Structures are given as structure tokens and as C-alpha cells.
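Trainee: Could we go through this structure together? I would like to begin with its pocket and then turn to the helices and loops.

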Amino acid sequence: MKHGDGVEAAIHCAAMLAGVDGDGTLPGNAMAEAFGLSPSYLLKHLKALTAAKVLESVPGPSGGYRLAKPAEQITLLDIVLAIEGREPAFRCGEIRQKGSYALDPSAYVKPCGINVAMLKAERAYRMALAGTRLSDIVTDFTENTDRRIVAASCAFVALNQRPQKTRTINERKMP
């Protein structure tokens, strides 16, 4: 299964945002810089994550992005679907019913076996993504990655995060 580069960028940004303190935010430009991406390219994906309620966007000069809910409640499937949409990766065009040897549509009562197999694989793939939480990715990163990379990532987040005033319970957005 091949995904666009936006999926990789989105997962990395969400994982980075998991390291932001409290209600703090990270600006989109800082995340674009961290991963060597065009800010306008990344902004498109951050907007998609915000629309899917994976992220929150905080407006204003000291605004930025933060997770909309705890990393334990965000799955990789949430992120992939936000970026690439809900349609299956394989879309059967029923080409078996076209072309020089196509028969009357009544001959095609049984579903296309190729489509059935591909959709079965898609369901398994999505189940695997749904079973992987963002917090699992972050934990694996902090426990199993070269300490220099972890330290550099933590330092980047600490340097670029923007503290926000603490929200009261009434101000918090409920999922």
C-alpha cells in the first residue's frame, strides 16, 4: 500500500505535538522546518487533521497546533483517513465487464474476486492501523530510538512550543 508523503508528515507532526506541554502549541512553520517541508504543503495537511478533530488550531500570533485529544485516543487510522480520505485504496472499475469479450451484465452476478480480495486486505490493513495508537508510536520512539535523536526532538519542541493560558473545563472543547 502506498501513501502520499502527507501521511508521513502528519504522523510525525502528531507525534511531535504529543510532546508539547499542557495546552501549549507548536506553530506549523516550526514543524515544517523540523521536517524540511514546505510550510504551505504542511499547512494543507495540518488543516485536514484539524478538520478531522485530530488536532486543534489555536489562532493568533502565539497560536499554533496541539492535539485535540490525548495521544492514547488517536490511532494511526485516524491520521491516515484524515489525510487520504475514507475511500479504499483499491477501487474496482469492473473492467471485466468492459472490452472486447464483455458479456451481458447478467453474467456478472458474483462480485469480482479481485475486488473481494483487495477489500479484505484493506480491512486487515485498517484494523492494524486502528490498533496502533499515537501514544504507542511516541513510547516506542522515546524508549527505542538513539538518545541523541530523542534529545534533539525534545529540545526542538521545548524551544518552539508556545504556552497558552490554561483553559477552564468550560472552555475546553469536548470530543
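**The pocket, the helices and the loops**

Mentor: By class, 14 nonpolar, four polar and one charged residues make up the lining of the largest pocket. Please keep in mind that this is a predicted model.

Trainee: What is the volume of the largest pocket?

Mentor: The volume of the largest pocket is about 440 Å³. The lining has 19 residues, and the closest to the pocket centre are His12, Ala15, Met16, Phe141 and Ser153.

Trainee: Which helices each supply at least two residues of that lining?

Mentor: They are helix H1 (5–17), helix H2 (28–35), helix H6 (134–144) and helix H7 (147–160). The largest share, six residues, comes from H7.

Trainee: Let us take H1, then. How many residues does H1 have, and how far does it reach?

Mentor: H1 has 13 residues and reaches 18 Å from its first C-alpha to its last, which is close to the 18 Å expected at 1.5 Å a residue.

Trainee: Which residues of H1 are buried?

Mentor: The buried residues are Gly6, Val7, Ala9, Ala10, Ile11, Cys13, Ala14, Met16 and Leu17. Met16 also belongs to the residues closest to the centre of the largest pocket.

Trainee: What does Tyr41 touch, leaving out residues up to four places away in sequence?

Mentor: On that basis, Tyr41 touches Asp5 and Gly6. Tyr41 has its place in helix H3, and it counts as partly exposed because its relative accessibility is 27%.

Trainee: Where is Glu84 found?

Mentor: Glu84 is found in helix H4. Its relative accessibility is 34%, so Glu84 counts as partly exposed. With residues up to four places away in sequence set aside, Glu84 touches His3, Gly4 and Val7. Val7 is one of the buried residues of H1.

Trainee: How far apart in space are Glu84 and Ala48?

Mentor: They are 9.3 Å apart, C-alpha to C-alpha, and 36 residues apart in sequence.

Trainee: Now for H5. What do its buried residues pack against?

Mentor: The buried residues of H5 pack against H4. Those buried residues are Asn115, Glu122, Arg126 and Leu129. Seen down the axis of H5, they fall within an arc of 55°, so they line one face of the helix.

Trainee: Which exposed residues are on the face turned away from the buried side of H5?

Mentor: That face carries Gly113, Lys120, Arg123 and Met127. As for its dimensions, H5 has 18 residues and reaches 26 Å from its first C-alpha to its last, close to the 26 Å expected at 1.5 Å a residue.

Trainee: Turning to the loops, where does Val20 lie?

Mentor: Val20 lies in the loop between H1 and H2. At 10% relative accessibility, Val20 counts as buried. Leaving aside neighbours within four places in sequence, Val20 is in contact with Thr25, Leu26, Val157 and Gln161. Val20 and Tyr65 are 45 residues apart in sequence, and their C-alpha atoms are 9.7 Å apart in space.

Trainee: What is the phi of Lys53?

Mentor: Lys53 has a positive phi of about 65°, although it is not a glycine. Most residues other than glycine have a negative phi. Lys53 lies in the loop between helix H3 (39–51) and strand E1 (55–58). With a relative accessibility of 59%, Lys53 counts as exposed, because the cut-off is over 50%.

Trainee: And what is the phi of Glu94?

Mentor: Glu94 has a positive phi of about 50°, and it is not a glycine. Glu94 is found in the loop between helix H4 (76–84) and helix H5 (113–130). Its relative accessible area is 25%, so Glu94 is partly exposed.

How values were computed
Residues numbered from 1 in each chain as written. Predicted model: local features only at pLDDT ≥ 70, side-chain atom pairs only at ≥ 80, totals over all residues. Heavy atoms only, no water. Helix = DSSP H or I, 4+ residues; strand = E, 2+ residues; numbered from the N terminus. Buried < 20%, exposed > 50% of the residue type's maximum accessible area, 1.4 Å probe, protein only. Expected span 1.5 Å × (residues − 1). Arc of directions from axis to C-beta. Contact = heavy atoms within 4.5 Å. 1 Å grid on protein atoms, 1.4 Å probe; cavity = no way out; pocket = protein on both sides within 12 Å on 5 of 7 lines; lining within 4 Å. Points joined across faces, edges and corners; volume = space filled by probe spheres on them. Nonpolar A, V, L, I, M, F, W, Y, C, P; charged D, E, K, R; others polar.
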